[in-house]
Number of protein chains: 2
Amino acid sequence: MSTISLLERYGRAPSGAHVACLVCRACGHETPVEATNICERCFGPLEVRYDYEEVARRISRESIAAGPSSIWRYRDLLPVDLEETEPITLGEGFTPLIHARNLGAELGLRNLYLKNDTQNPTGSFKDRVVSVAATWAREHGLTTIACASTGNLANSVAAYAAHAGMRAVVVVPSDLEPAKMIGTSIFRPTIIAVDGSYDDVNRLCTELADCVDWGFCNLNLRPYYSEGSKTLTFETAEQLGWRLPDEIIVPVASGCQFVKHRKAAGELIDLGLVDSGSRLPRFTGAQALGCSPVATAFSGGETTVVPVRPATIARSIAIGNPSDGADVLRIARETGGVVASVTEEELVEGIELLAASEGIFAETAGGVTVAVLRNLARAGRWEGDETVVAYITGAGLKTADCVASRAPVLTPVPASLRAVRERYAGLIS
Amino acid sequence: MSTISLLERYGRAPSGAHVACLVCRACGHETPVEATNICERCFGPLEVRYDYEEVARRISRESIAAGPSSIWRYRDLLPVDLEETEPITLGEGFTPLIHARNLGAELGLRNLYLKNDTQNPTGSFKDRVVSVAATWAREHGLTTIACASTGNLANSVAAYAAHAGMRAVVVVPSDLEPAKMIGTSIFRPTIIAVDGSYDDVNRLCTELADCVDWGFCNLNLRPYYSEGSKTLTFETAEQLGWRLPDEIIVPVASGCQFVKHRKAAGELIDLGLVDSGSRLPRFTGAQALGCSPVATAFSGGETTVVPVRPATIARSIAIGNPSDGADVLRIARETGGVVASVTEEELVEGIELLAASEGIFAETAGGVTVAVLRNLARAGRWEGDETVVAYITGAGLKTADCVASRAPVLTPVPASLRAVRERYAGLIS
């Protein structure tokens, strides 16, 4: 849907007095609040600018603590009308921040934390962004939400549309993991399975968005959608006692959430919500070597990203042409972070290490994050007292096939004490 | 481990001044706090009795609200030392209570709520009980936690042991769903895969428990373990604004949690935590017809349960010889509830109905619960304004195979706008 047709159809719907406009991250050009994500002047990415004086009048640690146990406790920093709009919510966010003592001991980090976003309604952090996008869409009169997806986003769009009574159209590569497909189709959306990669799907959806009046969460609704990512960092700071960590490790696909975590940290500092003297964390990105265009550009000292053709089991982050790649590079460098990659073997080891040491079963993207964490720790990146937080963004059963073949083979034992005693002689004295 | 050996080895370890003793639910005989679940006098089930005067001095709506966003906000009503013990926690509980407007409209219930316990650390409500059992075990010097399991409990015991750095031994039927097996083995416990049913496994573990010094969560730790179930009902009341619903629908396997929800409601009333004048909810049980010994006894007017041989895809609740079956019958009748069963076809429809109407993807047990809810609604059980809460206790990806064959078959479409337009002509104008 073009900006003009939306204006004609719905006029300027409300988004709250605290939302000032959209602003281009590249050239600074301002645009009214509409279903669009591309600067009309320079084609740069648009993002939401708030009236921070208005936000500051509303928000406080106390107002947040009095809010719901979901992302909507931060609604003063989300782009929806604060008085009129009822959020479309399934209780996403406010997930546990786990002090990882075992994994930390193994890596020499006394203050290692895991933000466990596997515990979201559809098992990934995408529920945060979809809750915001769906709410914005309904607020602005849209009746269909859509997406280009590597799987997790499709799960979430289909679920939230079902809950809201909206129509969902999800466009995915046809060869996704079985769990990602069934975790979408169970909600009965329209699924368009494309013979191609995610990057093909994304190009197709960009064209499609001009022909239909759907809200594509990660295209024409991207400025609003991506704001939901910030809540991961808001929560992390709140759960650390209103303190920012020294470093945050984030899996990088399009780079969208990486950029928004930087924005979130800045907002927390500027609004005085974190302890005074708080500094920006280092932002570090994690990629799979089989799809590591940003890590490659980082290590090569480049400021732009050369697209690649993905070849990795970490399907949820297999984006070969990351739209926010250049911004990831800039933010990592400005804050002292890095962007690193790990092999397929290392990422599976990362899943296993996380599970065995901390009791958290993550999908492949989580394995990438933990493997990058491990490699950096072994390379001596930290002294030991730094507060490091790794974002674990998706649940293990979504990609169970990647670890199933490595599970121990079990030989059934008869249901008798004697048989068990014989088989497990070392275990049972 | 026998009671005596535990006493000799560890003495009377602390469980907090608020825990009075264990008491037999059948004969009332009192026993000291130990790793045992069977009354030495009559072989009845033991449960925890609190010093409610001590509890009343500590607990209030405010003290609960000031606690963590997990089951441990109710620690004054859990059997661990309140000052000394650090809980073993992965952030279990305090899951969303969803107002199910779409499903409610379909069933003629304006105040239908779903307690979504799929959003727990390992995807089921078992994390509540295991968190308490593991904490009690460590508090009392045990180093191994174990269980007899239909799958979900094994997932949880393995995860919490990993997180706590304890040893885990899980005993399961060898033919469990693949997702339940991988969701256990990823945490690297010792898995004993038994050639037999859950009831065989349970019998075996009862014998095994006499030979080893392990804490079997659902055997010798059962009095403590089962207390964790109460938090589901505590949360429901708190999330309803400190009000008890008119009816609660719970899947019934052993009957353990059903009994504890009744206890929880009684505690909330007796301690004045819910609004004065609050009455006990009706407690209604849901079973799969292929394993419905309690529902059969209920409809036959019996007070005891005749064991059956399970034959249902609802594996997580396929217990043919439910230890708390008679108590489920009594509580259902005393409160005005029922115990009902549904066919395999109905339970799969229940999964699909829940997903399509509310965006929640549940495992087979959740399908059973929703199908029973639907059948009762269609039979005219409710007038429409009653507050009814259904407990959705496990995540859909754990039993994805049960619905995978019913998903629409997708034919891939080429990655071109023209091809999509042709294929989806009705969708894209």
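Tutor: Two definitions come first. Helices (H or I, at least four residues) and strands (E, at least two) are DSSP runs, numbered from the N terminus. Two strands pair if DSSP finds at least two bridges between them. This is a predicted model: local features need pLDDT of at least 70, side-chain atom pairs count only at pLDDT 80 or more, and totals for chains, interfaces and linings use all residues. Residues are numbered from 1 along each chain as its sequence is written, and chains are lettered from A and ligands numbered from 1 in the order in which they are written.

Student: What is the strand order of the open six-stranded sheet in chain B?
Tutor: Pairing in this sheet is mixed. The order is E4-E5-E13-E10-E11-E12.

Student: Which residue of E13(B) is the bridge partner of B:Lys115?
Tutor: E5 (111–116) and E13 (387–392) of chain B run parallel, with six bridges. One of the pairs is B:Asn111 with B:Thr387. For B:Lys115, the partner is B:Tyr391.

Student: How many of the six residues of E5(B) are buried?
Tutor: Buried means that 20 or more other C-beta atoms, placed from the backbone, lie within 10 Å of the residue's own. E5(B) is mostly covered, and its buried residues number five.

Notes:
Buried ≥ 20, exposed ≤ 12 C-beta atoms within 10 Å, placed from the backbone.
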